[in-house]
Amino acid sequence: MDLANVVPWGRSFEEYQTMFELSDDDLNTRILGCGDGPASFNAEATERGYQIISCDPVYQFKAEEIRRRIDDVYPEIMTKMQQGAGDYIWHSLGGVEQLGEARMKAMSRFLSDFDAGCRQGRYVSASLPTLPFADSEFDLALCSHYLFLYSDHVDGAAHLASMRELCRVASEVRVFPVVSLDGKASKHLDSVMTTLSVDGIDVSLQPVSYRFQKGATEMLVAKSV
Ligand SMILES: C[S@@+](CC[C@H](N)C(=O)[O-])C[C@H]1O[C@@H](n2cnc3c(N)ncnc32)[C@H](O)[C@@H]1O
């Protein structure tokens with residue numbers, strides 16, 4: 001991974017809760033956040049006493065390098081958000097300025113926690129479709145804003161291999177969103193769901209309360225039976 005191609009953008013614990021409909025029972029299990037990047041989910045969850053491991057290829061870099069990249073790309077992201085504001089529902093995040101503040105707050109929280117989290121093994125540098133975890137090491141794996149969203153960048157075979165890998169390491173996998181960047185259902189979704197089903201995995205789409213990108217209203221749930 002070349003940091004110059006990374007566009008860091010991280011969400012908060014509260015957003016993860018609503019994107020994945022996380023109950024207290026869910027949060028009290030062994031959770032993997034795959035592709036968590038600079039989200040503050042792990043930092044905030046740890047502060048609340050939950051046990052989360054996050055993995056992401058960006059964790060191979062130092063906090064200072066990630067911070068510099070965030071500062072470099074922030075103005076560019078804000079300009080793009082202004083241009084594409086019509087693709088989003090703004091009632092909970094207010095507007096582009098407030099969104100920027102919320103994302104920066106989440107990313108700063110992540111950065112302050114990163115060194116300690118690496119030492120404690122809470123941030124692991126790893127990339128789908130191969131994860132350095134044992135079979136069924138987690139009860140729940142979450143994947144926010146990576147699989148299906150980047151359907152034009154990640155091909156169908158990589159989607160399937162990644163979902164199979166997540167199902168190997170966790171008994172339940174939740175992925176949000178299942179639309180791609182254009183807000184339409186991912187072109188890989190049907191075939192991945194059909195093949196996982198043939199593998200004997202129980203797959204379904206479930207509504208979530210999180211609202212931001214237009215068209216993103218459901219998560220994919222895959223349970224090993
Ligand atoms: C748009 S960000 C989402 C960050 C976070 N999940 C959130 O929702 O705030 C996408 C993340 O996917 C990560 N990513 C890219 N390729 C990956 C791979 N092969 N396996 C796991 N994560 C990957 C990126 O490094 C980045 O942190």
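Q: How far is a polar side-chain atom of Y16 from a nitrogen atom of the ligand?
A: The distance is 2.9 Å. That makes a polar contact, a pair of N or O atoms within 3.5 Å. Within protein, one atom must be able to donate a hydrogen and the other to accept it, and residues adjacent in sequence count only if both atoms are side-chain atoms.

Q: Before we go on, what kind of model is this?
A: This is a predicted model: local features need pLDDT of at least 70, side-chain atom pairs count only at pLDDT 80 or more, and totals for chains, interfaces and linings use all residues. Residues are numbered from 1 along each chain as its sequence is written, and side-chain values use heavy atoms, with hydrogens and water left out.

Q: OK, back to the ligand. What does G35 do there?
A: A backbone N or O atom of G35 lies 2.7 Å from a ligand nitrogen.

Q: And S144?
A: An N or O atom in the S144 side chain is 2.4 Å from an oxygen atom of the ligand.

Q: How much of the ligand does the protein cover?
A: The protein covers 89% of the 590 Å² of accessible area that the ligand has on its own. Areas are by the Shrake-Rupley method with a 1.4 Å probe; for residues, only the protein chains shown count as cover.

Q: How many residues surround the ligand?
A: There are 17, each with a heavy atom within 4 Å. The closest are R11, G35, D56, L128 and S144.

Q: Switching topic: which peptide bonds are cis?
A: One joins L128 and P129, with omega about 15°. P129 is in the loop between strand 3 (123-124) and strand 4 (138-144). Strands are DSSP E runs of at least two residues; helices are H or I runs of at least four, both numbered from the N terminus. Another cis bond runs from F176 to P177, omega near -5°. P177 sits in the loop between strand 5 (170-176) and helix 7 (189-198).

Q: What about phi of E21?
A: Near 50°, a positive value in a residue other than glycine. E21 lies in the loop between helix 1 and helix 2 (24-27).
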